[in-house]
Each structure stands twice: as C-alpha cells, then as structure tokens.
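Me: Please take a careful look at one part of this chain, and then follow what lies around that topic into the rest of the model.
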Amino acid sequence: MPTDTISAIKLSLAWVPLATPISDAKVFTGRQKPLTRVAMLFAEIETADGHTGLGFSYSKRAGGPGMYAHAREVADSLIGENPADIGRLWNKLVWAGASVGRSGLSTQAIAAIDIALWDLKAKRAGLPLGRLLGAWRDGVPSYNTSGGFLSSPLPEVLDNVEASIASGIGGIKIKVGHPDPKVDLTRLEAVANQIDGRVALMVDANQQWDRPTALRMCRAMEQYGLVWIEEPLDAYDIEGHAALAAAIDTPIASGEMLVSAAEHFAMIDARAVDFIQPDAARVGGITQFQRVTARAEQAGLMMAPHFAMEIHVHVSAAYPLGTWVEHFDWLDPLFNERQILEGGKMMLSTRPGLGVTLSDQARAWTEASCRIDAKGCTDHTHG
Ligand SMILES: [Mg+2]
C-alpha cells in the first residue's frame with residue numbers, strides 16, 4: 001500500500017463569546033478578571049489521499065494569538081510526512097520550536113495539530129477515537145461545572161442543579177474558594193440538600209487557599225461525601241497536596257494547570273492527588289496525554305480530565321481506572337454535533353475520530369487563518 005502524506009495544514013484562531021462573564025475563586029481573590037470569551041486554535045490536516053483530521057487547543061484569557069502564531073511557524077515541518085507516525089511528528093514539531101520550551105504555550109500550539117493527527121488516524125480506521133485507543137466503557141460518568149460558578153447567585157446555582165440532573169448528568173461540581181469561607185459552606189450545604197443524594201457532588205477551589213485554610217476547609221467539607229475536592233492549593237504545591245491528601249478522607253484532585261507530561265509525572269510520582277486532572281490541550285495533545293495516563297494508571301490514580309469534553313470523552317473511555325468527564329457546553333456552538341448524556345454518563349459516539357465537525361458559527365468567529373502546503377503559507381483575512 002502506498003504511503004499517504006500530509007499535503008496541507010489549515011490553522012485558524014477563533015473566539016467563543018460566553019453568554020455572561022464567568023468568575024471562579026481566582027477572580028474573587030483579584031488574580032484574574034471575569035472570563036468573557038475563550039480563544040480557540042483549530043488545526044485541519046489534509047492528506048494526499050484525501051483524508052482529513054480536525055484538532056483544537058484553547059486558551060482562557062491571554063495566549064490564544066501566541067499559540068496560533070507558534071503553530072503557524074512550525075506546522076510546515078509536517079508537509080510530506082506520513083500522518084500515521086504521530087509520536088515522531090510530535091517530536092519534530094516540538095524541536096522546531098524548542099528554543100521557547102517543551103511545555104506551555106509552545107506545546108499547547110502543537111496540541112491542536114497532534115489532536116488532528118489522532119482524529120485523522122481514527123477516521124481512517126473507521127473508529128471513534130476512544131475505540132482506536134482501546135475503550136474500557138461505552139460511556140463515562142459526567143459532571144456539570146458550568147452551573148456552579150461563584151459568579152452565579154445561589155438560587156441560580158440551585159436551578160442549574162435541577163436543569164443538569166434533568167439533562168442526564170451524573171454529578172454536579174460547584175466552585176468554592178470564596179474569600180469568605182462561610183459563603184462556601186452555605187452554598188455547599190444548600191447544593192448538597194438540593195441534590196439530596198441523586199447525583200455525585202464535587203467542589204473546586206481553583207488554587208485559592210493556603211495550606212492551613214485548605215486543611216480547615218477540607219475537614220469542614222468531609223461530611224458531604226464529596227467525590228473530590230479540586231485544586232485546594234496552588235497547582236505547583238506538590239508537597240502541600242500530598243500532605244493534604246494524606247490528612248483527609250475526601251479524595252483530592254488537581255492537574256488542570258499543568259502544561260507538560262513532565263509536570264504531571266512530578267505530581268503523580270509524589271502521590272500528591274487521588275484524581276489526576278490532565279488537559280490534553282494543555283499538555284501538548286493526545287500523544288502526551290497518553291504518557292500521563294500510563295503513569296497515572298501505574299500509580300493507581302483515578303482521572304478527571306479538565307474541560308474540552310469533545311476530546312476527553314474519548315481518552316477517558318480509554319482509561320482503565322475510575323474516571324469522570326467534565327461537561328461544559330461553552331464550545332457547543334463551534335461544532336455541528338452534540339455530546340449525548342445517558343444515565344449520568346457521556347456516551348462515546350459511534351462517529352469516527354473525535355466525531356465533531358466545525359460549524360458555520362466557528363467559521364464566523366474566526367479572526368485569522370492560514371493554509372500551509374508545499375508551496376508555503378497563505379494567510380487569509382477575515383471580516
Ligand atoms: Mg477546575
């Protein structure tokens with residue numbers, strides 16, 4: 001069989017507006033402004049035989065245009081390559097930009113291309129990506145985050161709980177880490193009463209507690225039987241997470257802010273968390289995500305990937321140990337397809353690859369795009 005080759009890569013930068021500005025604890029403590037939009041980097045790969053792959057990466061707040069610029073600089077190194085050799089191609093991309101590092105923005109730019117290569121490979125095999133990777137389940141327990149932000153007043157959060165349960169969700173996560181701990185405990189008590197054991201419950205402090213506050217708050221929340229307490233401490237305080245995880249019964253979750261497989265290895269090897277929370281877009285794509293999950297499985301950790309359910313439903317289905325997928329509807333307008341919830345789980349679709357295609361709305365929200373092929377890079381302007 002003749003070898004297929006990558007003939008073109010189209011990159012685009014788009015912005016998804018959010019219906020209302022969103023605040024978590026990082027906003028309440030003054031570190032960040034409310035989130036009003038998400039930057040998306042899309043990579044669309046074409047091969048000489050006519051196969052296509054779609055991948056994406058994203059940034060909340062700054063970084064999206066930088067990711068797009070970096071991807072635009074390195075993508076030409078894949079023209080003429082065999083799209084099946086993903087690990088080698090990831091290395092080629094990372095070395096093309098190694099001067100600016102093998103973590104963070106540079107690998108988040110590569111992530112969109114890596115994910116597009118996996119989408120392409122799965123489509124060519126006629127399999128949903130989760131099946132190509134080897135699925136352990138048809139559906140992944142799924143929880144809602146978007147209804148429980150600190151920017152939502154409590155009555156609205158309680159309404160969101162009911163709407164989420166009615167939609168078939170398996171768990172509800174609310175944000176905590178408010179500067180006034182009493183606010184957190186009041187809201188948690190009300191949400192726990194509202195749920196009344198019907199679905200699972202988790203909380204997320206978004207790194208805003210110091211060690212003594214985290215210990216005190218985690219102890220106060222033990223009574224609620226939470227599935228996990230997320231980001232109780234600074235994302236890089238590995239020692240603090242390990243001490244906290246040893247001190248309390250409720251599982252500790254963290255890892256969404258880590259931006260390379262190596263950073264996850266440090267967290268996993270220290271047994272600092274019970275749930276590891278990698279984000280495929282942030283660690284450099286599915287190739288790097290698999291390195292993280294292999295290490296996490298060996299350590300016996302459960303997993304709850306961060307955001308980007310369109311990607312994470314697949315990698316979660318392929319994780320041997322306990323796992324959850326985070327339901328966020330923010331990216332829905334970008335795609336023509338919807339994720340299906342059934343009996344508390346997000347179901348693996350039967351469509352090949354990631355199972356998503358870009359909508360007209362995604363094109364309309366595109367600010368910049370370019371097409372890279374053997375002749376070079378052609379930039380397109382958008383009105
Ligand atoms: Mg979180």
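What relative accessible area does R371 have, and how is R371 classed?

Reply: The relative accessible area of R371 is 29%, so this residue is partly exposed, a class between buried, under 20%, and exposed, over 50%, with a 1.4 Å probe and protein chains only. Before going further, please note that this is a predicted model, in which local features need pLDDT of at least 70 and side-chain atom pairs pLDDT 80 or more, whereas totals for chains, interfaces and linings use all residues. Residues are numbered from 1 along each chain as its sequence is written, and side-chain values use heavy atoms, leaving out hydrogens and water.

The side chain of R371 meets that of E46 in a salt bridge, with 2.6 Å from N to O; the term requires a side-chain nitrogen of Lys or Arg within 4 Å of a carboxyl oxygen of Asp or Glu. Because E46 belongs to strand β2 while R371 belongs to strand β14 (residues 366–373), the bridge ties together parts that are 325 residues apart in sequence. Strands here are DSSP runs (E, at least two residues; helices are H or I, at least four), numbered from the N terminus. E46, at 28% relative accessibility, counts as partly exposed.

The structure holds 20 salt bridges, and some others can be set beside this one. K26 and D24 meet at 2.8 Å, N to O, and both K26 and D24 are buried. In the bridge of E81 and R88, likewise given as 2.8 Å from N to O, E81 is buried at 13% relative accessible area, whereas R88 counts as partly exposed at 43%. Elsewhere, salt bridges with shared partners join K173, K175, D204, E230 and E326 into one network.

Strand β2 (residues 35–47) also contains F42, which brings in the 13 aromatic pairs of the structure. F42 and F335 form one that is edge-to-face, with 6.5 Å centre to centre and 90° between the planes; rings of Phe, Tyr and Trp (its six-membered ring) pair when their centres lie within 6.5 Å, and planes under 30 degrees apart count as stacked, over 60 as edge-to-face and the rest as tilted.
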